[in-house]
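Here's a quick tour for anyone meeting this structure for the first time. Have a look at the sequence and the model, then read on.

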Amino acid sequence: MSANGEYQTSYDPPKDLQAQAHVNSLDEYKRMYDQSLKDPEAFWGKIAEDFYWKKKWDVIEKHNIDTSKGPVSIEWFLGAQTNLAYNAVDRHVEAGMGDRVAFFWEGNDVDQSRTVTYKQLQDQVCQVANFLLSKGVKKGSDVTIYLPMIPELPATMLACARIGAVHSVVFAGFSAESLAGRIEDSRPSVVVTTSGVKRGAKPIELKKIVDEALALPGTDSVTTVLVYDHSIALPRNKVAFTEGRDVWWQDVVPGQPTEAPIEWVDAEHPSFKLYTSGSTGKPKGVLHTTAGYMVGAATTFKYVFDHRASDVYWCTADCGWITGHSYVTYGPLFNAASQVVFEGVPTYPDAGRCWDIVDKYNVSLFYTAPTAIRSLMAAGDEFVTRSKRSSLRVLGTVGEPINPEAWRWYNEVVGGGRAAIVDTWWQTETGAHMITPLPGAIPAKPGSATLPFFGVEPAILDESGKEVEGPGQGYLVVKRSWPSMLRTIAGDHARFEQTYFNVYKGYYFTGDGARRDEDGYIWILGRVDDVINVSGHRIGTAEVESALVGHHLCAEAAVVPVEHAIKGQVIYAFVTLYGDATYPPPEETRKALIAQVRKAIGPIATPDVIHWAPSLPKTRSGKIMRRILRKIASREEDQLGDISTLADPSVVETLLSLRGK
Ligand code: ATP
Ligand code: MG
């Protein structure tokens, strides 16, 4: 840990990267950042010149985020008209880049791959768009997409955007009930799915799940199910088919014309709905719009990954999450990037799969989540070191706080010390990166998301809502609107205002706690609900977790507060050990872990309870579901609430059986 001074705490940008970076010094970053706040019109106006606008904007930005002054409203590029799909695909084809590879698709099994060029993507987007139009989908209609990571997934999202339809991507693997709930919320007439998919060794019958969902109440808006025959996973003759409702993609899409009309939409036209992960409660249907989202996703992609035309980029996130929207479908394509789209999981057929893929395509920019990094780290270095990985230049992380131990492993073992690490903090609601290093400009500190992106003005508030100046900690908020921020919660503007703007008037409330250090760097402490108050001391769950994971036996940890009559709250830690440990382990292990926390943070952070966890309850996107852990810790397991977004519900039973052991 850094607390005892053994480890390097700050890492300068790698020299080779810096020499050619878009932003190549801290001073240059600061100059651009200051301009983005002082003169947003000039800053964003210049960036927006790089896109195609059917009609230019009249006003760059107008907002009210202060509920005491009236309803919350956020508008960017007022008066403009444009189209997301045109900017992602057609623009590049028209500029002569039609032969450039858009997607290097890598299937679940090692021998499955194909490439899609920008021209081929344009053709397919048009064909899907024409099919949707033929089914009566039009500007403003909702389309639900329940597809695995095949090129047809981003193509279908773009087909919706092309005709002004609003897509709602549901992670393929969610249960029939979760899918039905989302369909009920957005009332689409068309659902797009596949026969099935294999994820690792596990086959999933997606069409069957759709059939089950459509048998549930509230889903009668659906009149068409477009089914891609993913025969390598599950051939069509194994799939039930409802005449009159179901159509095979292969029968109806390839025959469509490869030209389709473009719906030029207003800047604030809704582009998509997406539900949050549900880590803290019932998922929220976040609504994003067009022009601001486009500019935000594109600009962060360019600067945070320092993207250049020669790069091969790969983000492991599924398009069912915001990361897959902004950093698979939209951000990279707005920048004419070539990227790997991966259908499988990082541990299949073994834990070296990612690095084999990096070598196969010479991936230079790689983006994943701490949960994947920790599980690959636990599998052992030999899976990494068998590959070269010499192409890697930037390594990104998102989704949860990354503990310094995993950060260093990512940097040293995966990146060989040659790549820059970008720890990107953002949310479904923010649409794009908010606090993040720029790899050629901002020195990194393991565990810190560092400094705000252009146009983002964060603040830290104390309990009374007063801004903390200089070093200190509290609630992370944002003081003004930024281009890619959510505009509402679909169908529930009151909940939108309540959740994000009524907590502290005049600020966007993130729900996360944060600390600012003496260099102005931001450290995300975890969810506000999870900041623990022990005898008046505020302790971030992320800090205790990274102390635990700093011990060589501990693979993963999740810490939650439990109410205590005297101390206010105490620290309750769920701990997963490395490898095939038996549970409960010997008493010495518990003592060693506690000693580790006392050494790294201090006696005040000593966990009251260590609860052994062969695995932790996680959302489908790999995030730890802390609200479930809080209920287990406080013996309220009869009130677990909605657990439909849990990847493996049986984890809960195992945890309960190990209580007190
Ligand atoms: P819900 O809002 O339904 O509880 P969720 O917050 O998990 O779900 P997302 O929008 O997917 O849904 O996740 C955003 C959250 O993830 C952030 O608020 C933050 O807590 C966490 N997070 C994301 N990136 C980082 C990061 N780099 N460092 C620390 N935390 C991060
Ligand atoms: Mg959230």
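## What holds the ligand

Start with lysine 284: an N or O atom in its side chain sits 3.3 Å from an oxygen atom of ligand 1. That makes a polar contact, meaning a pair of N or O atoms within 3.5 Å. Glutamate 400 uses its backbone instead, placing an N or O atom 3.4 Å from a nitrogen atom of ligand 1. On its own, ligand 1 has 630 Å² of accessible area, and the protein covers 94% of that (areas by the Shrake-Rupley method with a 1.4 Å probe).

Which residues come nearest to ligand 1? They are Thr276, Ser279, Thr280, Thr428 and Lys623, out of 21 residues around ligand 1 (a residue counts as near if one of its heavy atoms lies within 4 Å). By class, that shell has 9 polar, 7 charged and 5 nonpolar residues. Here Asp, Glu, Lys and Arg count as charged, while Ala, Val, Leu, Ile, Met, Phe, Trp, Tyr, Cys and Pro count as nonpolar, and the others, Gly among them, as polar.

## A word on the model

This is a predicted model, where local features need pLDDT of at least 70 and side-chain atom pairs need 80 or more, while totals for chains, interfaces and linings use all residues. Residues are numbered from 1 along each chain as written, chains are lettered from A and ligands numbered from 1 in written order, and side-chain values use heavy atoms, without hydrogens or water.

## Annotated domains

An unreviewed UniProt entry labels residues 29-88 "domain: Acetyl-coenzyme A synthetase N-terminal"; such annotations may be inferred rather than shown by experiment. That span is 40% helix and 23% strand, with its end C-alpha atoms 27 Å apart (helices are DSSP runs of H or I with at least four residues, strands runs of E with at least two).

The UniProt record, again unreviewed, gives residues 96-481 as "domain: AMP-dependent synthetase/ligase". Here the chain is 30% helix and 21% strand, and the end C-alpha atoms lie 36 Å apart.

A cavity is a set of points, on a 1 Å grid over the protein atoms alone, where a 1.4 Å probe fits but cannot get out, and lining residues have an atom within 4 Å of a point. The largest cavity holds about 70 Å³ of space, a volume being the space filled by probe spheres set on the points, which are joined across faces, edges and corners. Its lining includes Trp44, Phe453 and Trp482, and has 8 nonpolar, 4 polar and no charged residues.

How values were computed
Polar contact = N/O pair within 3.5 Å; in protein donor to acceptor, adjacent residues only side chain to side chain. 1 Å grid on protein atoms, 1.4 Å probe; cavity = no way out; pocket = protein on both sides within 12 Å on 5 of 7 lines; lining within 4 Å.
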